[in-house]
Amino acid sequence: EKGRIIMRLKFQQNYWNHVNGWLLVLPAVFMIGLFTHFPIGSSLFHSLFSTGTATRPAEFIGLENYAYLLEDEIFWKVLFNNFVYSFCTVPMSIGMALGMALLVNRNIKARSLIRMSFFTPTVLPMIAVANIWLFFYTPEYGLFDQVFSAFGGDSHNWLGNPDTALYCLIFMVIWKESGFFMIFYLAALQQLSPELKEAGVVEGAGSWYYFRRVTFPLLMPTTLFITINAVVNSFKLVDHLVIMTKGGPDNASSLLLYYIYENAFGFWDANYAATLTAVLVFILAVITIIQFTIVEKRIHYQ
């Protein structure tokens, strides 16, 4: 009888521990479900219907929107632009962030001023940054053309040329995001034990060898976190496009999210925009899974 009472008390204690735990996480679960999972499910649902009008209601059409998407030349163009955009901005932003963090982590003169200058672009709103760089790229009297003209160069329509418009956006985004990622690397570097450096010096390890064999492997958890954020940012940023190019010229600088915005609020084709959104979510999910399965294997914890 005493044993049954003890087992009953333990069961009740475990039961209430589980109940209390779920009550604590319930607000977060509700908010994530309401603002993340429900919109995704709603987009998937609406992608199976045609876009309704005042006189013609939406009809179930199955996968016709996806079939049309496969034949949509603009979709493939903006998707290619987005992959080029991601391929350039993600590694270059991470590389610059790591280099800046290694620099400002050293005992150098005016270290606080340098840190502030590196981080300043991050605190500026993207709309403000886009307007600043719009002036830089302006033909004839913009900053870049003024510099080139001082050396005898000709004026160039940077944002009006299909060959340079996308790369102008890439350059601007790298400048803005590198300082943000630098903060995470700097925090991780300051958590590394100084005993590791002392042991490397005793063993005769050079600076490059120590960075390659000790510092960078220990920064892999931070690198994974930054990489995922950088990839997501490369697919979700759209503010600068609205200000600088509006996807032009001839969709040369258009990205997938901006194409979704155009279809939803420019052409009022919400259901096709939902189809594009489903594709965007699928792409991000696949990229994230690949990052976790590949990069996770190379992570070393201190």
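**From the surface patch to the core**

Author: Helix H6 (residues 143-150) supplies the largest share of the nonpolar patch, three residues. Bear in mind that this is a predicted model, where local features need pLDDT of at least 70 and side-chain atom pairs count only at pLDDT 80 or more, while totals for chains, interfaces and linings use all residues. Residues are numbered from 1 along each chain as its sequence is written, and side-chain values use heavy atoms, with hydrogens and water left out. Helices here are DSSP runs of H or I, at least four residues, numbered from the N terminus.

The patch itself is made up of Phe135, Tyr141, Leu143, Val147, Phe148 and Phe151, with about 650 Å² of accessible area together. Areas come from the Shrake-Rupley method with a 1.4 Å probe, and for residues only the protein chains shown count as cover. Phe151 sits in the loop between H6 and H7 and is exposed, at 74% relative accessible area; exposed means over 50%, buried under 20%, and partly exposed in between.

Now for the inside. The largest nonpolar core has 37 residues, and Phe75, Tyr185, Phe235, Leu256, Leu276 and Ile283 touch the most other members. A core here is a set of buried Ala, Val, Leu, Ile, Met, Phe, Trp, Tyr and Cys residues joined through side-chain atoms within 4.5 Å. Among the elements giving two or more residues to this core are helix H3 (73-104), helix H7 (165-191) and helix H12 (256-266), and H3 gives the most, with ten. Leaving aside residues up to four places away in sequence, Phe235 has contacts (heavy atoms within 4.5 Å) that include Asn82, Phe83, Leu280 and Ile283. Apart from this core lies another, of 24 residues, including Val84, Leu159, Leu169 and Met244.

H12 has its own buried set: Leu256, Tyr258, Tyr259, Ile260, Glu262, Asn263 and Ala264. Just after H12, Trp268 takes a positive phi of about 55°.

Back in H3, you'll find Gly99, which is partly exposed at 37% relative accessibility. The C-alpha atoms of Gly99 and Met182 are 8.3 Å apart, though 83 residues separate them along the chain.

Methods: Buried means under 20% relative accessible area, exposed over 50%, partly exposed in between (1.4 Å probe, protein chains only). Patches are made of residues with over 30% relative accessible area and no salt bridge: like charges are joined within 9 Å, nonpolar side chains (Val, Leu, Ile, Met, Phe, Trp, Tyr) within 5 Å. A salt bridge is a side-chain nitrogen of Lys or Arg within 4 Å of a carboxyl oxygen of Asp or Glu.
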